[in-house]
Amino acid sequence: MSNTKVLPLLEPEAREAVAPCCPPLTERPFTAEEAETAARMFKALGDPVRLRLFTAVASHESGEACVCDISDVGVSQPTVSHHLKKLKDAGLLTSERRGTWVYYRVEPSVLAAMGKLLTTGPAAA
């Protein structure tokens, strides 16, 4: 008689849906909430180390990057973790723990929303 049990597979937790933060700059003035959200995003990207980390994740070949793959930005590991947390808090990154490592991903909707935010609309003929 075997003492092994078959455990059910758990579905991965649904990632938080990332909604576009704001309309394009030329569409209308921001509401106070939209301005706060956009300012948080731009403030997070205003730091050169955070911008390097963000682009390292965004450009990673698999679409996500383990913290172990992106930590070579000239600062200590605790500082990298601090900056990644700031990017996550600003809504620019999502993360998932796998064993001892944390994997970060830039949600496509975030990149699309940022691109849309800075779009000036159709070019005049």
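In this predicted model, a residue is called buried under 20% relative accessible area, exposed over 50%, and partly exposed in between.

Q: Why is Phe42 called partly exposed?
A: Its relative accessible area is 40%.

Q: What makes the nonpolar surface patch, and where is Phe42 found?
A: Leu25, Phe42 and Leu118 make the patch, which has an area of about 300 Å². Phe42 is found in helix α1. A patch residue needs over 30% relative accessible area.

Q: Is Cys66 called buried or exposed, and why?
A: Cys66 has 1% relative accessibility. Buried means under 20%, so Cys66 counts as buried.

Q: Why is Cys68 called partly exposed?
A: The relative accessible area of Cys68 is 37%. That value lies between 20% and 50%, so Cys68 is partly exposed.

Q: How many disulfides are counted?
A: The count is zero. A disulfide is a covalent bond between the sulfur atoms of two cysteines. The rule asks for a pair of cysteine sulfur atoms within 2.5 Å.

Q: How do you know on which side of α4 the buried residues lie?
A: The buried residues of helix α4, residues 108-117, are Val110, Ala113, Met114 and Leu117. They cover an arc of only 100° around the axis, so they lie on the same side of α4. Pro108 and Lys116 are exposed on the other side.

Q: What do the buried residues of α4 pack against?
A: They pack against α1 (32-45) and α2 (48-58).

Definitions and conventions
Residues are numbered from 1 along each chain as its sequence is written. This is a predicted model: local features need pLDDT of at least 70, side-chain atom pairs count only at pLDDT 80 or more; totals for chains, interfaces and linings use all residues. Side-chain values use heavy atoms; hydrogens and water are left out. Buried means under 20% relative accessible area, exposed over 50%, partly exposed in between (1.4 Å probe, protein chains only). Helices (H or I, at least four residues) and strands (E, at least two) are DSSP runs, numbered from the N terminus. The arc is that of the directions from the helix axis to the C-beta atoms. Contact means heavy atoms within 4.5 Å. Patches are made of residues with over 30% relative accessible area and no salt bridge: like charges are joined within 9 Å, nonpolar side chains (Val, Leu, Ile, Met, Phe, Trp, Tyr) within 5 Å. Accessible areas come from the Shrake-Rupley method with a 1.4 Å probe; for residues, only the protein chains shown count as cover. A salt bridge is a side-chain nitrogen of Lys or Arg within 4 Å of a carboxyl oxygen of Asp or Glu.
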